[in-house]
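Please look through the model shown here before reading on. The report then goes through its sheet and its helices.

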Amino acid sequence: MNHNEPTDAPRALEFRAMCLEDIPIICEIEQEAFTTPWTSAAFYNELTNNQFARYMVMDSEEGVLGYGGMWIIVDEAHITNIAVGKRHRGKKLGERLLREMQKTAVFLGAARMTLEVRPSNRIAQALYEKLGFYGVGVRRGYYTDNQEDAIIMWADLPDSKRTLNNLQGN
């Protein structure tokens with residue numbers, strides 16, 4: 001047992017492609033996580049019309065615990081959203097989900113990954129930095145709810161399948 005992992009974290013996690021039937025629970029997590037949540041129509045569009053979109057859910061015996069989405073364009077992965085349900089936070093599940101997204105991005109040919117994060121979201125920034133992201137700039141007034149800026153972060157992804165184990169935390 002890894003002594004750094006909370007004891008109440010689910011043992012068996014499955015990471016799978018998001019499907020249309022997941023949209024209602026994903027929207028519930030969106031409502032809990034974000035002040036300007038995506039709509040079910042936005043997720044439907046991503047899953048059915050966006051050829052660059054790759055969305056996954058983190059599932060367990062308890063159901064969907066979290067999800068993440070990214071666009072893979074040529075050799076870059078852009079995280080569009082990532083969230084863990086409120087009652088499952090603080091169990092290192094966000095880290096496990098982000099590692100799985102990085103691993104998937106490498107598998108799909110990405111060499112780099114980017115995202116935007118609120119300066120006020122220090123918890124997310126700490127996670128991103130732990131997994132190799134670094135700030136490169138600011139998007140002024142990016143968030144529509146309060147005009148907060150966004151920090152632009154990038155991470156270089158491993159260039160071989162051998163280093164995928166690092167993303168798995170092994």
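This is a predicted model: local features need pLDDT of at least 70, side-chain atom pairs count only at pLDDT 80 or more; totals for chains, interfaces and linings use all residues.

Residues are numbered from 1 along each chain as its sequence is written, and side-chain values use heavy atoms, with hydrogens and water left out.

**The sheet**

Seven strands make up an open sheet with mixed pairing, in the order β1-β2-β3-β4-β5-β7-β6. Its edge strands, which each pair on one side only, are β1 (14-17) and β6 (134-139). From one strand to the next the twist averages 30°. Strands here are DSSP runs of E with at least two residues, helices are runs of H or I with at least four, and both are numbered from the N terminus. Two strands count as paired if DSSP finds at least two bridges between them.

| Strand pair | Bridges | Partner residues |
|---|---|---|
| β1 and β2 | four bridges | R16 and V57 |
| β2 and β3 | eight bridges | M56 and G68 |

β2 and β3 form a hairpin that has two residues between them. The hairpin of β3 and β4 also has two residues between the strands, and V74 takes a positive phi near 55° there. Strand β3 is mostly covered, since eight of its 11 residues are buried, where buried means under 20% relative accessible area, exposed over 50% and partly exposed in between, with a 1.4 Å probe and protein chains only.

Helix α1 lies across β2, β3 (63-73) and β4 (76-84), and runs at about 85° to β3. Axes are lines fitted to C-alpha atoms, for helices over the stretch in contact, and angles run from 0 to 180 degrees between N-to-C directions.

Helix α1 (residues 23-33) packs against helix α2 (residues 40-49) at an angle of about 125°, and their axes are 10 Å apart. This angle makes α1 oblique to α2; under 35 degrees counts as roughly parallel, over 145 as roughly antiparallel, 65 to 115 as roughly perpendicular and the rest as oblique. I23, I26, C27 and E30 of α1 meet S40, F43, Y44 and L47 of α2, contact being heavy atoms within 4.5 Å. By class, the residues of this contact are six nonpolar, one polar and one charged. Ala, Val, Leu, Ile, Met, Phe, Trp, Tyr, Cys and Pro count as nonpolar, Asp, Glu, Lys and Arg as charged, and the others, Gly among them, as polar.

**Helices α3 and α4**

Helix α3 (residues 93-107) and helix α4 (residues 122-130) have axes 11 Å apart and pack at an angle of about 45°. The two helices are therefore oblique to each other. G94, E95 and L98 of α3 make the contact with L127, Y128 and K130 of α4. That contact has three nonpolar, one polar and two charged residues.

V138 is found in strand β6. How exposed is V138? V138 is partly exposed, at a relative accessible area of 43%. Not counting residues up to four places away in sequence, V138 touches D149, A150 and I152. V138 and M153 are 15 residues apart in sequence, and their C-alpha atoms are 8.9 Å apart in space.
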